[in-house]
Amino acid sequence: MPSLQSQYVVIGAGLAGSAAAWQLAARGHEVTLLEQATPAHRGGSSHGSARILRYAYHEHLYTRLMVRARPLWNELERSAGRTLITPTGAVDFGAQRQPEHLAEVLGDLGVDHELLSVQQATERWPGFRFDTPVLWHPDAGVIHAEAAVEAMIELAVAHGAHLETGWRLASAVRDGAGYRLVSTDGAVVAAERVVVCAGGWLPELLASLALPQGFLAGMPSLSVRQEQAYHFPYRDQDADGAAASWPTFIHKSERIQVYGLPGGADAGFGGQKVAEFNGGKLLPSASQQDQVVDPVNRRRVTAYVREHIPGLEPEPYAETTCLFTNTPDENFVLDRADGVTVVSPCSGHGAKFAPLIGVLAADLASAADASDVPTVPAEFRVAVESS
């Protein structure tokens with residue numbers, strides 16, 4: 001089987017991989033994007049039409065990153081000629097969510113917001129039962145994840161990138177100054193540098209990536225969960241099935257953390273997508289997923305909707321699974337060892353940063369000295385252990 005050669009190879013065509021390929025190709029680099037199935041496929045973390053874009057974080061770090069990412073989303077929409085983000089605004093509430101602290105962070109960084117009393121919030125959104133003051137920030141929205149992947153790949157290809165689908169990595173070994181990548185069916189790609197954006201497959205691939213032992217030892221542990229989300233119909237709909245504008249939300253109490261957002265095209269725009277954060281079962285790796293919804297989790301989320309969101313019918317009309325790849329502190333991993341850049345914008349909150357992740361990955365992958373890339377936060381670097 002003939003081999004391919006490329007200056008940069010990006011492994012994984014989800015949100016992170018397509019963004020990295022786009023940014024590298026836009027800078028004039030030769031790029032090959034390898035995907036084991038198809039871009040944003042059903043078994044990964046980037047499928048579907050509904051992901052939350054929000055600014056509210058307890059850490060200034062991530063709110064700053066969102067402020068940097070938003071203009072890149074605008075650039076992507078302009079360049080691709082399509083709408084990828086639907087404005088909805090967002091509400092955050094619950095004692096453990098600490099809406100007052102979130103308001104302080106947004107205030108510090110100049111992000112538009114309001115802190116509302118329970119009565120004020122209930123008057124504005126009668127479909128919720130609020131149990132604390134409520135943070136509202138109007139610039140939040142819903143990302144069409146699959147369309148974003150498609151758009152970034154189209155732009156990457158327009159800049160000369162090459163996409164290979166059905167290409168599953170078996171090994172990557174050093175080959176002179178570069179790397180020799182071999183697929184499970186024997187195809188070979190020679191690369192000068194490699195960018196790994198494998199999502200939930202990263203835990204099982206790490207040992208196959210020709211990474212130094214000190215880097216591997218310093219990697220945070222990665223846990224993969226098969227999450228599940230449910231679409232609940234709106235009670236009040238017009239004749240066409242449309243409801244009044246609903247925000248995205250995060251509610252965190254001592255008992256449960258739940259998030260929700262308008263479900264988008266995945267479920268006919270007829271309801272709210274609701275899920276328990278990290279409520280799914282742990283997997284050794286993404287390859288072990290069965291995409292079967294846990295009935296215990298379904299009952300728990302349905303009970304939550306019945307108690308806290310009276311504006312929804314408490315019976316889901318659609319459901320799905322997806323993958324969360326978590327680090328212990330929920331920070332991302334973004335670092336490079338020799339010529340291999342590892343990109344894991346994970347823990348269930350990376351989608352909103354996708355275009356910026358592409359910029360940071362391209363900065364790292366193309367730098368002469370990977371230890372000195374000021375655009376990449378120190379919190380994302382691997383604490384390399386000396387041998």
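A: The largest cavity comes to about 30 Å³. Before going further, note that this is a predicted model, where local features need pLDDT of at least 70 and side-chain atom pairs count only at pLDDT 80 or more, while totals for chains, interfaces and linings use all residues. Residues are numbered from 1 along each chain as its sequence is written, and side-chain values use heavy atoms, with hydrogens and water left out.

On a 1 Å grid over the protein atoms alone, a cavity is a set of points where a 1.4 Å probe fits but cannot get out; a pocket is an open set with protein on both sides within 12 Å along at least five of seven lines, and lining residues have an atom within 4 Å of a point. Points are joined across faces, edges and corners, and a volume is the space filled by probe spheres set on them. That rule gives one cavity of 30 Å³ or more. Its lining is made up of Ile 52, Arg 54, Ala 90, Val 91, Asp 92, His 137, Thr 248, Phe 249 and Ile 250. Strand 5 (90–93) and strand 14 (248–252) are the elements that put two or more residues into that lining. (Elements are DSSP runs numbered from the N terminus: helices are H or I with at least four residues, strands E with at least two.) By class, the cavity lining holds five nonpolar, two polar and two charged residues. Here Ala, Val, Leu, Ile, Met, Phe, Trp, Tyr, Cys and Pro are nonpolar, Asp, Glu, Lys and Arg charged, and the others, Gly among them, polar.

For the cut-offs, buried is under 20% relative accessible area, exposed over 50%, and partly exposed in between, with a 1.4 Å probe and protein chains only.

Now the packing. The largest nonpolar core has 65 residues, and Val 10, Trp 73 and Phe 353 touch the most other members. Helix 3 (99–108) is one of the elements giving this core two or more residues, and strand 1 (4–11), helix 2 (60–80) and helix 9 (354–366) are also among them. A core is a set of buried Ala, Val, Leu, Ile, Met, Phe, Trp, Tyr and Cys residues joined through side-chain atoms within 4.5 Å. Trp 73 has contacts, beyond its neighbours within four places in sequence, that include Leu 53, Met 66, Ile 143, Ala 148 and Pro 355, where contact means heavy atoms within 4.5 Å. A second, separate core of 32 residues includes Leu 169, Tyr 179, Leu 283 and Val 340.

Lastly, the second largest pocket has a volume of about 370 Å³. It is lined by 21 residues, with Thr 86, Thr 88, Pro 262, Gly 264 and Phe 269 closest to its centre. Strand 4 gives the most to this pocket's lining, at three residues. That lining splits into 12 nonpolar, nine polar and no charged.
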